Amino acid sequence: MSDSSNPNLEQAKQEGKYIRTIRSFVKREGRLTKGQAAAIEKCWPTMGLEHKNGMLNLKEVFGNDNDVVLEIGFGMGKSLVEMAKNAPELNFIGIEVHRPGVGACLMDADEAGVTNLRVFEHDAVEVLADCIADESLSKLQLFFPDPWHKKRHHKRRIVQPEFAQKLRSKLKIGGVFHMATDWENYAEHMLEVMQVAEGYKNQSETNDYVPRPDSRPLTKFEQRGHRLGHGVWDLMFERTK
């Protein structure tokens, strides 16, 4: 539910009261480069999606019935653009609140000639609730979310039981929720939450983690981490009901 649909919340805001609402992110606003600003101006009319427009008709958005992959928090968008370029038979939606990341993603997509990608600049929780129909996605991706590594902040981690069920409703039966993190403790937390989440099945043969699939590009950050001996954990859970 968006803030605007809650009259009590709206009234409180108008009275100047501060109400904390649940978000999928912490806003970190940076300056746009000229290239990012130009890319937003050029590409937003064809690639941008607006939360205020409500529920999407995915066939109308993409002009076809291809399976749709949605990524939450795509950062600067490099891997998302690469995925879209490598899989023209799929449609991709990215959600990111950081405007320079949105600009960078659109700039790369434009240079790569990618046409099967659309982006939101909005909170993912609200987009999923208000814009994405139930049982409409073939895959949900959450790569390297904020680990909130201090124990007192663990409750802020986005992968929680309630969130897992919100995502499940958006996946088709057989659709997959794919997570990746370079924090072992967060990987353990993800596994703990998802192993008991109703309606999911772990795709791991060892019932824990999966090797990085070819569909997820190796980032420069990961390559550096591999050289330094740092681990990355991928988890893939399939919707079964």
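**Overview of the predicted fold and its annotated sites**

T219 is partly exposed, with a relative accessible area of 22%; buried here means under 20% relative accessible area, exposed means over 50%, and partly exposed lies in between, as computed with a 1.4 Å probe on protein chains only. T219 sits in the loop that links β7 (200-202) to α9 (220-227). The structure is a predicted model, in which local features need pLDDT of at least 70 and side-chain atom pairs count only at pLDDT 80 or more, while totals for chains, interfaces and linings use all residues. Residues are numbered from 1 along each chain as its sequence is written, and side-chain values use heavy atoms, with hydrogens and water left out.

As a first look at the whole, the protein contains nine helices and eight strands, where helices (H or I, at least four residues) and strands (E, at least two) are DSSP runs numbered from the N terminus. Of the 241 residues in the protein, 47% are buried. The accessible surface amounts to about 13200 Å², and carbon and sulfur atoms hold 50% of it; such areas come from the Shrake-Rupley method with a 1.4 Å probe, and for residues only the protein chains shown count as cover. Among the contacts in the protein with a separation of 6 or more, 77% join residues 24 or more positions apart, a contact being heavy atoms within 4.5 Å.

T219 brings in the annotated positions. In an unreviewed UniProt entry, the annotation "binding site" covers K150, D182, T219, K220, F221 and E222; UniProt positions follow the numbering used here, feature names are shortened, and annotations may be inferred rather than shown by experiment. K150 belongs to the loop between β5 and α7, and its relative accessibility of 43% makes K150 partly exposed. From the unreviewed entry there is also a "binding site" annotation for E71, E96, D123 and D146. D146 is placed in the loop between β5 (137-143) and α7 (161-170), where D146 is partly exposed at a relative accessible area of 31%. E71, by contrast, counts as buried at 2% relative accessibility and is part of strand β2 (residues 68-72). Setting aside residues up to four places away in sequence, E71 touches L80, M83, I93, G94, I95, Q141 and F143.

I93 is in strand β3 and is buried, its relative accessible area being 0%. Beyond residues up to four places away in sequence, I93 is in touch with L49, L56, L58, F62, V68, V69, L70, E71, R118, F120 and I132.

The axes of α2 (residues 34-47) and α5 (residues 99-112) come within 8 Å and cross at roughly 70 degrees; axes are lines fitted to C-alpha atoms, for helices over the stretch in contact, and angles run from 0 to 180 degrees between N-to-C directions. The two helices α2 and α5 are therefore roughly perpendicular to each other. On the α2 side the contact is made by G35, Q36, A39, I40, K42, C43, W44 and M47, and on the α5 side by R99, P100, V102, G103, A104, L106, M107, A109 and D110. Sorted by class, this contact has 11 nonpolar, three polar and three charged residues. Angles of 65 to 115 degrees count as roughly perpendicular, under 35 as roughly parallel, over 145 as roughly antiparallel and the rest as oblique. Ala, Val, Leu, Ile, Met, Phe, Trp, Tyr, Cys and Pro count as nonpolar, Asp, Glu, Lys and Arg as charged, and the others, Gly among them, as polar.

In helix α7, A164 is buried, with a relative accessible area of 1%. A164 is in contact with M194, A197 and Y200 when neighbours within four places in sequence are left aside.

Finally, two loop residues have a backbone feature to look for. Most residues other than glycine have a negative phi. F144, not a glycine, has a positive phi of about 55 degrees; F144 lies in the loop between β5 and α7 and is partly exposed at 25% relative accessible area. N207, also a residue other than glycine, has a positive phi near 60 degrees. N207 is located in the loop between β7 and α9, and its relative accessible area of 45% makes N207 partly exposed.
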